[in-house]
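Please keep the sequence and the structure in view while reading.

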Amino acid sequence: MATELKDEFPLAILAAALAKFQPPEGAFAPGGGWTQRYGLYTIGQRSLARVGAVVLRRSAPDGGPVLRVDYRKQFPGVHTGVVEAEIRSGRGGEWAPRSWRVVYQAATPQGKALAGTRIEKSGRVVGDAIEIRDATTTRRIPRPEAFTLNWLLFDAVQRLPRAAFEPKRFTLLDDFDVVKANHTLSYRKTVEVLLGGRRVQKQRWETLEKGRIRRASWGREGDRPVRLHAYDHLGDGIVPEVYYVDDAGRLLFVVAGIEAYVWEAVQ
């Protein structure tokens, strides 16, 4: 039996963003090349606001997967924060990056970069170390036995088993260069959730001894059941994150504390 959205925590937090949500259809090859877009939402105490978007582009050349990230978030006021990254992984080791390059900058609403705001960093695996560079410094940190980057998790969860498995244990390089140990990614559950509908007011007439009265109540219409597979990301220095993947393997939703991502059709 399908679960109503309001009863599926933490996905219920996104109810306002999921009104009329249309799940994608058709085949999907998580291990191949694809482009996926997500609306970026900030979760407030009483509101849910779309504040930006991220586009992920994955290619799968012979040398190993490449994931390109284009992240844009509205700052208070008129400017936009932009993060553009390219992450390269070895063949058969999509979880573990072998090199990456990332650029941070602020931009105008028209997309023009603001002078003096550009920061560029890069990282690469060198033997048993990770070398991280910026414009002025180079630092080396010991390479953990298993490590990954935030955005690679968006890719990797799409190829996880759809049932319980031994949790993946790793070190997270948060924001590309902050070392956070003792992380796990594990299967949470599979659930069929009603999505795509909207809240409507329904009315019915009730006959009483001396006449009829009209009663109003709230209900939903247009929902359809969608089976989702949920995974938990827990670890030092982060808020718990939950990833929801559909039967085809597409990552549809991510809820992470006061931030969330909702799959959107690529324009």
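Predicted model: local features only at pLDDT ≥ 70, side-chain atom pairs only at ≥ 80, totals over all residues.

## Strand S17 and its partners

Within strand S17, Tyr-261 is the bridge partner of Leu-40.

S16 and S17 form a hairpin with two residues between the strands. In the turn of this hairpin, Gly-257 has a positive phi of about 65°.

S2 in turn pairs with S3 in the antiparallel sense, over eight bridges. In this pairing, Leu-56 has Val-69 of S3 as its bridge partner. S2 and S3 form a hairpin with six residues between the strands, and Gly-64 in that hairpin takes a positive phi near 125°.

## The hairpin of S6 and S7

Strand S6 (residues 119-126) and strand S7 (residues 129-133) are also antiparallel, with five bridges in their pairing. Ser-122 has Arg-133 in S7 as its bridge partner. Two residues lie between the strands of this hairpin, and Gly-127 in the turn has a positive phi of about 60°.

## The largest pocket

The largest pocket has a volume of about 590 Å³. Its lining consists of 25 residues, and those nearest the centre are Tyr-71, Asn-150, Trp-151, Glu-259 and Tyr-261. H1 provides the largest share, four residues. By residue type, the lining divides into 15 nonpolar, six charged and four polar residues.

## His-233, a buried residue

His-233 is located in strand S14, residues 224-234. Is His-233 buried or exposed? Its relative accessibility is 1%, and because buried means under 20%, His-233 counts as buried.

The side chain of His-233 makes a polar contact of 2.9 Å with the side chain of His-183. Another polar contact, of 2.7 Å, joins the side chains of His-233 and Glu-241. Neighbours within four places in sequence aside, the residues in contact with His-233 include Leu-153, Phe-170, Leu-172, Ile-238 and Tyr-243.

## Thr-148 in strand S9

Thr-148 lies in strand S9, which covers residues 147-149. With a relative accessibility of 1%, Thr-148 counts as buried. Apart from residues up to four places away in sequence, Thr-148 touches Trp-95, Pro-97, Leu-153, Phe-170, Thr-171, Leu-172 and Leu-173. Leu-153, Phe-170 and Leu-172 are also among the contacts of His-233.

## Ile-13, before the strands

Ile-13 is found in the segment before S1. Its relative accessible area is 33%, so Ile-13 is partly exposed. Ile-13 touches Ile-43 and Leu-48, with residues up to four places away in sequence not counted. Ile-13 and Ile-258 are 245 residues apart in sequence, and their C-alpha atoms are 9.8 Å apart in space.

## The protein as a whole

The protein has 17 strands and one helix. Its C-alpha trace spans about 85 × 45 × 35 Å along the principal axes. Of the 267 residues in the protein, 43% are buried. Among contacts with a separation of 6 or more, 51% are between residues 24 or more positions apart.

Definitions and conventions. Residues numbered from 1 in each chain as written. Heavy atoms only, no water. Buried < 20%, exposed > 50% of the residue type's maximum accessible area, 1.4 Å probe, protein only. Polar contact = N/O pair within 3.5 Å; in protein donor to acceptor, adjacent residues only side chain to side chain. Contact = heavy atoms within 4.5 Å. 1 Å grid on protein atoms, 1.4 Å probe; cavity = no way out; pocket = protein on both sides within 12 Å on 5 of 7 lines; lining within 4 Å. Points joined across faces, edges and corners; volume = space filled by probe spheres on them. Nonpolar A, V, L, I, M, F, W, Y, C, P; charged D, E, K, R; others polar. Pairing = 2+ DSSP bridges.
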